[in-house]
Amino acid sequence: MRATQSTADPADRAATAMENVRPALGAHFGKPVFLRIIKEKPELELWVQENGQWRILKTYPVAGMSGTLGPKTAEGDCQAPEGFYAVLPRALNPRSSYHLSFNIGYPNAYDRSLGRTGSLIMVHGSNCSIGCFAMTDPGIEEIYTMVAQALHAGQPAVPVQIYPFEMTPARMQQEKDSPHYRFWQYLQPGWQYTRTHHAPYPAE
């Protein structure tokens, strides 16, 4: 399936999106945010920090994602990554062919240490994707706006933490024979940290 090309003027697309979502989310604009993706569900959680406390503001179904459970390891493998990433201000793309998008920062330092390759891994609009996370155009308008407003207000980077599944001890035991088990052991403390502290794991 091909991506739907946006008909909005690229110069105004982000501003238009902000006005579209302001009635529902405007009270939260500029507050720190954190994104957590659970591939198996598949869902993206938008967390917001208010009065010093983090909470899930909204959960979005992932409309398009390729590959299977497990990390991305190479350019062209059609895998969506797993791990701890961050969106920097320069990663925002209001002129995306997929309506709006932002780069999550794959590969991170850990990926590079393992020789993993790939680039331009995005959270974007539309409902189809190869290696990225498609959130539909209405969904990305909300997610992009909240990320952009947080960065504009001074949040240095927005954490994006991607897990294969809910990494409970019981589920990890079920996966002990997976070839990805050792990597998933590396991810599990991040899941447990958020479960315990209701905050993003302070990863790289």
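What is the volume of the second largest pocket? The second largest pocket has a volume of about 200 Å³. This is a predicted model, in which local features need pLDDT of at least 70, side-chain atom pairs count only at pLDDT 80 or more, and totals for chains, interfaces and linings use all residues. Residues are numbered from 1 along each chain as its sequence is written, and side-chain values use heavy atoms, with hydrogens and water left out. The points below cover the sheets, a helix pair, the pockets and some backbone details.

**Sheets**

- Strands of a sheet pair through backbone hydrogen bonds, either parallel or antiparallel.
- Helices (H or I, at least four residues) and strands (E, at least two) are DSSP runs, numbered from the N terminus, and two strands pair if DSSP finds at least two bridges between them.
- Strand β2 (residues 43-50) runs antiparallel to strand β3 (residues 53-61), and 8 bridges join them.
- Leu 46 has Lys 58 in β3 as its bridge partner, and Glu 50 has Gln 53 in β3.
- β2 and β3 form a hairpin with 2 residues between them, and Asn 51 in the turn has a positive phi of about 55°.
- Another open sheet has 4 strands in the order β5-β6-β7-β8, with mixed pairing.
- β5 (92-93) and β8 (133-134) are at its edges with a single partner strand each, so one side of each has no neighbour in the sheet.
- Within this sheet, strand β6 (residues 101-103) pairs with strand β7 (residues 122-124) in the antiparallel sense over 3 bridges.
- Phe 102 stands opposite Val 123 in β7.

**Helix pair**

- Two packed helices are described by the angle between their axes and the distance between the axes.
- Helix α1 (residues 13-25) packs against helix α3 (residues 137-152) at an angle of about 95°, with their axes 9 Å apart.
- Axes are lines fitted to C-alpha atoms, for helices over the stretch in contact, and angles run from 0 to 180 degrees between N-to-C directions.
- α1 and α3 are therefore roughly perpendicular to each other (angles under 35 degrees count as roughly parallel, over 145 as roughly antiparallel, 65 to 115 as roughly perpendicular and the rest as oblique).
- In this contact (heavy atoms within 4.5 Å), α1 contributes Ala 14, Ala 17, Met 18, Asn 20, Val 21 and Leu 25, while α3 contributes Glu 141, Glu 142, Tyr 144, Thr 145, Met 146 and Gln 149.
- By class, the contact of α1 with α3 has 7 nonpolar, 3 polar and 2 charged residues (Ala, Val, Leu, Ile, Met, Phe, Trp, Tyr, Cys and Pro count as nonpolar, Asp, Glu, Lys and Arg as charged, and the others, Gly among them, as polar).

**Pockets**

- On a 1 Å grid over the protein atoms alone, a pocket is an open set of points where a 1.4 Å probe fits, with protein on both sides within 12 Å along at least five of seven lines; lining residues have an atom within 4 Å of a point.
- Grid points are joined across faces, edges and corners, and a volume is the space filled by probe spheres set on the points.
- The largest pocket holds about 370 Å³ of space.
- It is lined by 22 residues, and Tyr 98, Leu 120, His 124, Ile 130 and Cys 132 are the closest to its centre.
- The lining of the largest pocket consists of 10 nonpolar, 9 polar and 3 charged residues.
- The second largest pocket is lined by 14 residues, with Ala 86, Leu 88, Arg 90, Ile 104 and Gly 105 nearest its centre.
- The largest share of that lining, 3 residues, comes from β4.

**Backbone details**

- Most residues other than glycine have a negative phi, and most peptide bonds are trans.
- The peptide bond from Lys 41 to Pro 42 is cis, with omega near -20°, and Pro 42 lies in the loop between β1 (33-38) and β2.
- His 99, in the loop between β5 and β6, has a positive phi near 75°.
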